[in-house]
Amino acid sequence: MRHLLWLPVCCLLLCACGGAQQQNNTLQEGEGAFETIEWKVEPGQTFGQLVSEVRYVPLESTKESLMVSIKKILIRGDEIYVMDASQSAPRYGIRVFGTDGRYRRHIGREGKGPGELLSMKGFTIRDSLLFVADLRADKLVVYTLAGDFVEQQPLPERAVSSCVACEDGLLWSGDIYYKEIPQDRYGLYRTDDRGNLQWKKQLYGEQDTRVFLSENSDSLFVWRKECCDSIYLYDRRGEVVGGIRFNFPEKYRIPYDQRLEVKSKSHREDFGYYEFDMPLVVGPYLLGLVSQPQDDWINVAADRRTGKVYIDDNDHNLIRARVMGGYALSDSTFVTWITPDSEAVLQERHPEAAAALPDDVRQRIDDGDCVLVFYTLKL
């Protein structure tokens, strides 16, 4: 598995859910193929059957590298670049580790001056440059991979959800999650390296939710409508190229206008509806979390070639809580992570899976370290 850490990556995951009444899930002619996966859960089809190997990489914790809430991971060469989403994260910027998990350095520091950060909304890498979007300071900060400050420019837009590097610029997604003001729902735009706007597309309507962008693919993933059952795939020009849909029972779908009410409740199990969340495409597989009517969420992997649905099992638990994510490294490999907080959730909800963690890994988590988990899936 060590060689997997040398793969260029990764797939950025930022998504949330939304739905619409009477939404037509069929793409228009010429917009690409729309795949449908029937929601049929077979007891003998478990996620463990798809896993060929699991590798754990604990990240060394020092005063500078201690993290609370990982948001994004990129791997370049023999180094792992990690963004922490906690409020204290800008103090040490983007953390850099070796592929063995040893801490090496940080890029950026907290402050209001040139090259300093007040908050980090997203980051990306192209060639020898690292770009950080500081939403609070309204600026795009550029560093070398060694950590030297290069320049900073104003952000092209304020409602930033994510960004990825293109060949000759940056691709951005707007945060359109429950935005009621139409002009805030522009969805996707592109800039040059200095943040100058090249084009902007009003991709989404009043009932759409978020988009997440792929670092290692030409496809952009848009999560939208019909009780969070549909992913629309766009290319880097903003054109629809396909889509994937879970066909949940119609009586367990919820109209979009009830979504905010549901989100405001603390116990989602009180509501009788299906919801597919945090989608991740890894080669022929679609992975994510599914909330079931009157029940807790489960991890799911669907084989797009066969339409079969595989659910989580205790031997090969897909370890990620609602606030966590995953990144595709290749057509067969992806990475997730365990933080001390998420390990506590794992202990509570899946004690068998927590007990199955290697003793040295569990000890590192108890000591306050984050652990990356690399999965290889069977092709």
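# Exercises on strand pairing, buried glutamines and aromatic pairs

In the hairpin formed by strand 12 and strand 13, four residues lie between the strands, and G147 takes a positive phi near 105 degrees. The exercises below concern a predicted model.

**Exercise 1. Describe how strand 12 is paired on its two sides, and state which residues take a positive phi in the hairpins.**

Step 1. Begin with strand 11, residues 129-134, which pairs with strand 12 in the antiparallel sense over six bridges. Within this pairing, F131 stands opposite V142 of strand 12.

Step 2. Turn to the hairpin of strand 11 and strand 12. Four residues separate the strands there, and D138 has a positive phi near 55 degrees.

Step 3. Continue to strand 13, residues 149-154. Strand 12 pairs with strand 13 in the antiparallel sense over five bridges, and F149 in strand 13 is the bridge partner of Y143. In the hairpin of strand 12 and strand 13, the residue with a positive phi is G147.

Step 4. Strand 12 spans residues 139-144 and is mostly covered, five of its six residues being buried.

**Exercise 2. Classify Q153 as buried or exposed, and list its contacts beyond the sequence neighbourhood.**

Step 1. Locate the residue: Q153 belongs to strand 13.

Step 2. Apply the cut-off. A residue is buried under 20% relative accessible area; Q153 has 18% and is therefore buried.

Step 3. Examine the side chain. Q153 and E151 are joined through their side chains by a polar contact of 3.4 Å.

Step 4. Set aside neighbours within four places in sequence. Q153 is then in contact with D138, K139, L140 and R194. Of these, D138 is the residue with a positive phi near 55 degrees in the hairpin of strand 11 and strand 12.

**Exercise 3. Carry out the corresponding analysis for Q45.**

Step 1. Q45 is found in strand 2, residues 41-46.

Step 2. With a relative accessible area of 15%, Q45 is buried, because the cut-off for burial is under 20%.

Step 3. Residues up to four places away in sequence are not counted. Q45 then touches K308, V309, Y310 and I311.

**Exercise 4. Determine the geometry of the aromatic pair W39 and Y274, and state where its two residues lie in the chain.**

Step 1. A search of the whole structure finds 11 aromatic pairs. In one of them, W39 and Y274, the centres are 5.7 Å apart and the planes are at 65 degrees. Planes over 60 degrees apart count as edge-to-face, so the pair of W39 and Y274 is edge-to-face.

Step 2. Place the residues. W39 is in the loop between strand 1 (33-38) and strand 2, while Y274 is in the loop between helix 1 (259-263) and strand 22 (275-282); the pair links distant parts of the chain, 235 residues apart.

**Exercise 5. Identify which charged residues lie over the rings of F123 and Y285.**

Step 1. For F123, the charged end of K72 sits over the ring, 5.2 Å from its centre.

Step 2. For Y285, R305 lies over the face, at 5.5 Å from the ring centre.

Definitions and conventions: Residues numbered from 1 in each chain as written. Predicted model: local features only at pLDDT ≥ 70, side-chain atom pairs only at ≥ 80, totals over all residues. Heavy atoms only, no water. Buried < 20%, exposed > 50% of the residue type's maximum accessible area, 1.4 Å probe, protein only. Pairing = 2+ DSSP bridges. Contact = heavy atoms within 4.5 Å. Polar contact = N/O pair within 3.5 Å; in protein donor to acceptor, adjacent residues only side chain to side chain. Phe/Tyr/Trp six-rings, centres within 6.5 Å; stacked < 30°, edge-to-face > 60°. Lys NZ or Arg CZ within 6 Å of the ring centre and 35° of its normal.
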